Amino acid sequence: MSTPRVVEILSHLVRINSVNPAYGGPGEGELGGWVRSFFAARGIGVREQEVWPGRDNIVACLPGRDRARRVILEAHLDTVSVQGMTIAPFEPRIADGRLYGRGACDTKGGLAAMMHAVAGVRADGLVPPCDVWLAAVVDEEFSFRGVTRLCEGLTAQAAIVAEPTSLRAVVASKGVLRWRIRVQGKAAHSGKPHLGINAINHMARVILALEDDHHRLAGKLHRLLGPATCNVGVIHGGVQVNFVPDDCVIEVDRRLLPGEKPAAVLAHYQSLIAALQARHATLQAIMEPPMLTDEPLETAVESEVVRLATTLLAERGLDGEPCGVPFGSDASKLSRQGVPSIVFGPGSIDQAHGAVEYVDLAEVETAAAFYRDFILRFQ
């Protein structure tokens, strides 16, 4: 069976709604079934890894000459919500060399390019130097459960994770730590506020302390990633305007640099809160357990996965200099498993999750050629 053009594969992927259930979507089941059928129809072995009932990782396996070695191509099946989009999310439209639709950039463009590369190698009767796994995984956009399942017992010599990197080889990315801080006060009538303890007022002190502490982060720079950051993204407090509020909660997003450990970072913020409480006797603040923890990625530029990637990019006249990005991906989980990993794919992160999401089709074509050459040349 011939290999469809990469734009045809991408169009099929975009037509299928795979919004993560955490964002009100149906999940990845239908899309995973289509990917499974695509490879099975071409004589490529494919298996399922159940993550939750109806939500499976799809792993296509292309045997290589050395069955003891393995290269992983990994991309996620799920997308974010379509809320706020100003284009039809599941009707792929091509205009000005771009394909529009939810997931076109993040990250169905990369998945389509990987599928085209693997299917093309098979169709041409070529045998790569080592086994190639294409893993299409679930739940990257919410809690990383798909890649966590993939990593169970996994060994491999290299991994490329598809994300929109504008065809740059990404070797470093920030980690993320998210948690809630809750301030408890005492309710009272707003006509006699002195009888209560205003949780919102005390939370304002916490937020200002976080802002002051944020300036400290600017003094420590990573050569590819810049400074760590801290952002208060959500706040809830109070019941109605004529109550003294007895509860206020914020959600904090802290981006981690390589070398920073989540436990140590949390301990720092706990000490910051303890210092505030020592100065304000009625301030009661509790740090809740983390909602999300993802450690940073930093892959040695001397590793074979990076050296080959930079060589292939230079051969195409592209920028082969390894770089870093502020967003996270599945690559950090593969790296922690001991698999040297990079992030590489078509499209710009600026278009990911957008009201008008698109990917440049020339970049998708280039990515497909890059993935093909990589799996044929990695030793």
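1. Leaving aside residues up to four places away in sequence, Ser 173 touches Leu 225, Pro 296, Leu 297, Val 325 and Phe 327, where contact means heavy atoms within 4.5 Å. Ser 173 belongs to strand β8, residues 170-173; helices (H or I, at least four residues) and strands (E, at least two) are DSSP runs, numbered from the N terminus. With a relative accessibility of 2%, Ser 173 counts as buried, a word used for residues under 20% relative accessible area, while exposed means over 50% and partly exposed lies in between (1.4 Å probe, protein chains only).

2. A word on the basis of these remarks: this is a predicted model, in which local features need pLDDT of at least 70 and side-chain atom pairs count only at pLDDT 80 or more, whereas totals for chains, interfaces and linings use all residues. Residues are numbered from 1 along each chain as its sequence is written, and side-chain values use heavy atoms, with hydrogens and water left out.

3. Across the whole structure, a search finds 10 aromatic pairs; rings of Phe, Tyr and Trp (its six-membered ring) pair if their centres lie within 6.5 Å, and planes under 30 degrees apart count as stacked, over 60 as edge-to-face and the rest as tilted. In one of these pairs, the ring centres of Phe 344 and Tyr 371 are 5.8 Å apart and the planes stand at 90 degrees, so the pair is edge-to-face. Phe 344 lies in the loop between β20 (341-343) and β21 (358-360), and Tyr 371 in helix α9 (residues 361-377), so this pair ties together parts that are 27 residues apart in sequence. Both Phe 344 and Tyr 371 are buried.

4. Tyr 371 also pairs with Phe 370: their ring centres are 6.0 Å apart and their planes at 75 degrees, so this pair, too, is edge-to-face. Phe 370 is buried, with a relative accessible area of 0%, and Tyr 371 is likewise buried at 0%. One aromatic cluster is formed by Phe 344, Phe 370, Tyr 371, Phe 374 and Phe 378.

5. Charged side chains also meet rings. The charged end of Lys 333 sits over the ring of Phe 144, at 3.5 Å from its centre, and Arg 93 lies over the face of Tyr 100, 4.5 Å from the ring centre. A charge sits over a ring if NZ of Lys or CZ of Arg is within 6 Å of the ring centre and within 35 degrees of the ring normal.

6. Helix α5 (residues 199-217) and helix α6 (residues 262-279) have axes that come within 11 Å and cross at roughly 130 degrees, and the two helices are therefore oblique to each other. Residues of α5, including Arg 205, Val 206, Ala 209 and Leu 210, take part in a meeting with His 268, Tyr 269, Leu 272 and Leu 276 of α6. The axes are lines fitted to C-alpha atoms, for helices over the stretch in contact, with angles running from 0 to 180 degrees between N-to-C directions; under 35 degrees counts as roughly parallel, over 145 as roughly antiparallel, 65 to 115 as roughly perpendicular and the rest as oblique.

7. Some backbone details deserve a careful look. The peptide bond from Asp 106 to Thr 107 is cis, with omega near -5 degrees, and Thr 107 is placed in helix α3, residues 104-123. His 353, although not a glycine, has a positive phi of about 70 degrees; His 353 lies in the loop between β20 and β21 and is partly exposed, with a relative accessible area of 42%.
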